[in-house]
Amino acid sequence: MRFFIGLVACCALAQEKPVVIQNVRIFDGEKVLGQTSISFQNGKITGLGNITTDGAGVIDGTGKTLLPGLIDAHVHVFGNVLKQGLIFGVTTELDMFTDPKTAANIKKQQAEGKMKDSADLRSAGYLATAPGGHGTEYGMPVPTISSPGEAQAWVDARIAEGSDYIKIVYDDGLTYFTKPIPTISKETMAALCTAAHNRGKLAVIHIGSLQGAEDAINAGADGLAHLFAGEHSEPNFGKLAAAHHVFVVPTYSVVESICGGTDNPKLATDPRLAPYLSEPEAANLRASFPLEPSLPHSCKGAEEAILQLKAAHVPMLAGSDVPNPGTSQGATIHGELAQFVRIGLTPMEALVAATSAPAKAFHLDDRGRIAVGQRADLLLVNGDPTTDIYATRDIVSVWKVGQEANRKGFLASLEKGREQAAKDRQKPAPAGSESGLVSDFEGATPTAQFGAGWVISTDSIMGGKSKAEMKIIPGGANGTKQALQVTGEVVAGTAFAWGGVMFSPGPGPMTPANLSGKKSVSFWAKGDGKTYRLMIFTQNRGFSPITKTFVAGPDWKQVSFPLAAFDGIDGRDVLGFVFCAGTAPRLFDFSIDEMRLDR
């Protein structure tokens, strides 16, 4: 009897205190319930309507709207990014390509009740692509596919790794590049769809063109990842999608970035969002894809397609495609919703695209709706986003499985980082950096006028196998006697492969230095005619450098970049300048000389 009483007491202590939100407008994922009350406890919604508040924590919802937690239907999860998604009201993220070990580890922790401060994750793991196709350019070893006969084994291997659905790439790159890249055949695409369906998995197909979208629909796609840039859409596109019962994730924010659009940076200055963005995240919102001048850049085709899909009642799902240029975790989904409304969806239709529609399409039956028994994944905002879509940005609180996200703590952490940045800018510049010269390589070994000097830099610090060597050679640039030659090989095997050399401006390798007084970096380059990278690492960005490219041709040529061109870097905490090849596997051979950092 004592044991039974003790067990009851223990269980009672384990019960969370119920929460009641009163007098709140509710958008339940499909419709507006009007002003009412809601209760939730132990991660589940327990009541709607007239609810007793005995023993409950009560929140006044007057003037506010409660929504299901948002679902971002197209992300790529690299690093610790799910926490930021939750801060912006995204409670579930559908990853469309990442390292399956990363995804498996996150999902394991979440199944154990951990990571409650982060958005929930579902993932495709590896994507299905041709050898050399899209998805192989990041240096991560990706299991490719070449023929229809390989489809079932390829799909089964992904399921064994934990893939929740199958992501397929059907894109020759001609929307963005002047030369095609390899892609799978229509027959292989169809075989992959069949193989996924044989195992009860969805087949989601990445496309880059209108023709690619039509081919994917006819091949048996359950959903399309992306719409297409271009001047026009086929008039019957929406009807074709409806006839085949597909869903579409337009990722319009990324399409706009490819078209050279300018709406994405506005998110970084919205006072409801900006305080919760680090400078690197704000910088990525300001970035865009490099445009190929010879190709047309128009979003009219995508906008036409969205209106056709709306008219044909095709489910559209909101997806950000972070971390591509022009995007930021969590923030971009709010921009995507606003774009939907600008193009012609109603605010209610846009909200459906970020709540019940993705939950239904991906069979997430416990979320995406506000109803008794559903997960308490909730977003409380000021105002009424069912009439003003921008109100989704005015966030009051976010709950995942009934636990409130610590938005104040997240903001305080960012503020602390901003205060440290201000202090870093007051630190003295490295002694010896006054003249601007870093290295002229006129000595017997590679040396620098200041800092910790030059070292080999490769992806070995991340478990990679790329190799590099450096040596002083005769025949420098601009009439000088010597230069620094860098040779080696980039080897596939990590998410971001590289090989080259690094100059550390601080007192030790990867020790920060204040170079905020410098305005530009310049150097002379020569080599095998291939494209190389200058990457700048900062303490604030950790192992996420900002990169610019240059060509090392057969003759010496001076290269110069304003430091302001490395968006997100203010110079106050520079760890290193890396000159390297990456990320595609290859041999490399280039030389540099006369590196300078000038005012």
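Reader: Before anything else, what counts as a helix or a strand here?
Author: Helices (H or I, at least four residues) and strands (E, at least two) are DSSP runs, numbered from the N terminus. This is a predicted model, in which local features need pLDDT of at least 70 and side-chain atom pairs count only at pLDDT 80 or more, while totals for chains, interfaces and linings use all residues. Residues are numbered from 1 along each chain as its sequence is written, and side-chain values use heavy atoms, with hydrogens and water left out.

Reader: Where does Met96 lie?
Author: Met96 is in the loop between β7 (90-95) and α3 (100-111).

Reader: Is that residue buried or exposed?
Author: Met96 counts as buried because its relative accessibility is 1%. Buried means under 20% relative accessible area, exposed over 50%, and partly exposed in between (1.4 Å probe, protein chains only).

Reader: Which residues does Met96 touch?
Author: Leaving aside residues up to four places away in sequence, Met96 touches Ala73, His74, Val75, His76, Ala124, Tyr165, Lys167, Val204 and Phe362. Contact means heavy atoms within 4.5 Å.

Reader: And how far apart are Met96 and Asp377?
Author: They are 281 residues apart in sequence and 22 Å apart in space, C-alpha to C-alpha.

Reader: Changing topic, how many helices and strands are in the protein chain?
Author: The protein chain has 14 helices and 26 strands.

Reader: What share of the residues is buried?
Author: Buried residues account for 53% of the 599 residues in the protein chain.

Reader: Which residues of helix α9 are buried?
Author: In α9 (residues 279-286), they are Pro280, Ala282, Ala283 and Leu285. The cover over the buried residues of α9 includes α11 (331-343).

Reader: Why is strand β21 called largely enclosed?
Author: Six of the eight residues of β21 (residues 520-527) are buried, so the rest of the structure largely encloses this strand.

Reader: How do β21 and β24 pair?
Author: β21 and β24 (residues 557-562) pair in the antiparallel sense over six bridges. Two strands pair if DSSP finds at least two bridges between them. Opposite Trp524 stands Gln558 in β24.

Reader: What about β21 and β26?
Author: That pairing is antiparallel too, over seven bridges, with β26 covering residues 586-598. Ser591 in β26 is the bridge partner of Lys526.

Reader: Finally, what does the C-alpha trace span?
Author: Along its principal axes, the C-alpha trace of the protein chain spans about 85 × 55 × 50 Å.
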